[in-house]
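Reader: I am new to reading structures. Please take me through one part closely, and then show me what else is worth a look.

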Amino acid sequence: MTGLTASIAVYGQLNTEEIGSLTDRALPTALDELTTFLTIPNDGNYSDQVEANLAWCRERFAGLDYKVTRIETPGQPLLFAQRTVDPALPTVLFYLQIDGQPVDTTAWDQPNPYRAVWKRKNADGSYTTVDREASGFDPELRLFARSASDSKGPAMTFITALDVLRREGISPAYNVKVIMDFQEELGSDDLPGALAANRELFTADMLVIMDGTRHVSNEPTLTFGARGIATVTLRIFGPAYPLHSGQYGNFAPNPVFAASRLLAAMKDETGRVLIPGFYDGVELSASDKEEMNRVPETREEIRQMVGIAEQEALGDTYQEALQYPSLNVRGMQSGWTGKEVRTLIPEDVTIEIDMRLVPETPGERQVALLRQFIEDRGYHFVDSLPTEAERLRYPKLIDFTSSIGSVPFRTDLGTPIDRWLTAAVRRGLDKDPVRMRTTGGSQPMGPFVNLLGLPAVSLRIPNPDNSIHAPNENIRLGNFREGIMECLAVLTQSVSRK
């Protein structure tokens, strides 16, 4: 028995110094393996890419002595792995996202987004490509590749930590289960059905989500919830076909103005949604506000970061604003612009809306409220395209389609999972994590929380300036190293159900 393993037998967990030493020994190999893993394209729209990533994950977890199960769904499969340390111990389920956003190779500042490039950030915010071998390990270097941060990088920190424990002969402090999702970026539509059909397989005490970006301070971050999402497409109709603006201006109404009036009626100038009942059920107590506003940030810092002079007036702070549902116009289309512009009255305008949800505001309710709001303004709803009779009878015509995506979830702070993860991060990095009540984005964790009753928290590793979903996605090497340290601490932190 090595000295390190002997200390584990006595003390039951790694200390901060030991965690750092083990991580530094594993880091070169971990970065090599991450670079190789990233070369496998992972767009969840393509079955061959899903299968290639699934095969890599299956082989990797089998090599760690985990029992691996392929879960078939009506769409793409999921992969499940588990290791029972002691049936009497608690069980923790870890969620790994393996797929990534599609790539436009022409928009990346490197030949192939799936071939990692190492870069150093300059004082002016630009990046210079460097030779990895010549640079050695520098925590400020960045690895640029699709999924480096979202989320093969975080997955690799977890796998590396499992590797380290296996090499050292150290068992996790509890039973471990892992679910690997290959279509998170597409909404994980088949995940709820897979959980419902395999409830016993997913039985656990807690869920740790290995996905998401750190707080803007880049301090270690735990996030205890995520907003859900519902989307709506509106198509407002004007004339039956595009009309010459000279011949028919002042006679044929332009649907863009109708759309503008409708959208303007949905929010006031301070940003508050005016749809009746939109915020019903959301109440923040003084203790809620005190806890969430411990996050180290100010409105001024956030405004400066995103480049705005004034924020919307919902909630007294940025963290408070995230506790409410939102209404956003994510895109509009009508007519032509630029060199293609034409002097026409367009025949229609399409409006894409997303609504972020919180547990108190389910998507079905928010969609129904929006539809009623539009109906109250005199719009007649059509199925795809209006008939000739409808065009001649109704002055306001609209097509309304909607979709419910991820449902919101939230785990209370101060509960066993909070105490456990906070203690682990503190031991791993010798600092307390930023604890965020919720994140503004969405994650497909609702089924785990609502169907299986699991408390869920996101362990966030990547740097906040990582360009996820966009060209030039990257992960800071210092964050990758700290991620391994956090995972080692979490895996060796005893779990209490109380």
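Reader: Which residue stands opposite Met210 in strand E8?

Author: Leu96 stands opposite Met210. First, some ground rules. This is a predicted model, in which local features need pLDDT of at least 70 and side-chain atom pairs count only at pLDDT 80 or more, while totals for chains, interfaces and linings use all residues. Residues are numbered from 1 along each chain as its sequence is written, and side-chain values use heavy atoms, with hydrogens and water left out.

Now take E8 itself. Helices (H or I, at least four residues) and strands (E, at least two) are DSSP runs, numbered from the N terminus. E8 covers residues 206–210, and five of its five residues are buried (under 20% relative accessible area; exposed is over 50%, partly exposed in between, with a 1.4 Å probe and protein chains only). In a regular strand, side chains alternate between the two faces of the sheet. In E8, Met206, Val208 and Met210 point one way. Leu207 and Ile209 point the other way.

E8 has neighbours. Strand E3 (residues 91–97) runs parallel to E8, joined by five bridges. Strand E20 (residues 456–460) is also parallel to E8, with three bridges. There, Leu207 stands opposite Ala456. Two strands pair if DSSP finds at least two bridges between them.

Next, a helix. H8 (residues 255–266) has 12 residues and reaches 17 Å from first C-alpha to last. That is close to the 16 Å expected, taken as 1.5 Å times one less than the number of residues. Its buried residues are Pro255, Ala258, Ala259, Leu262, Leu263 and Met266. They cover an arc of only 130° around the axis, so they sit on the same side of H8. The arc is that of the directions from the helix axis to the C-beta atoms. The face turned away from this buried side carries the exposed residues Phe257, Arg261 and Ala264. The buried residues of H8 pack against several elements, including strand E11 (228–237) and helix H12 (363–376). Contact here means heavy atoms within 4.5 Å. At the N-terminal end, Asn254 caps H8, with a side-chain oxygen 2.8 Å from the backbone nitrogen of Val256.

Last, a separate sheet. Four strands form an open, antiparallel sheet in the order E5-E4-E6-E21. E5 (127–129) and E21 (474–476) stand at the edges, each with a single partner strand, so one side of each has no neighbour in the sheet. Strand E4 (residues 117–121) pairs with E5 over three bridges. Lys119 has Thr129 in E5 as its bridge partner.

Terms used
Polar contact = N/O pair within 3.5 Å; in protein donor to acceptor, adjacent residues only side chain to side chain.
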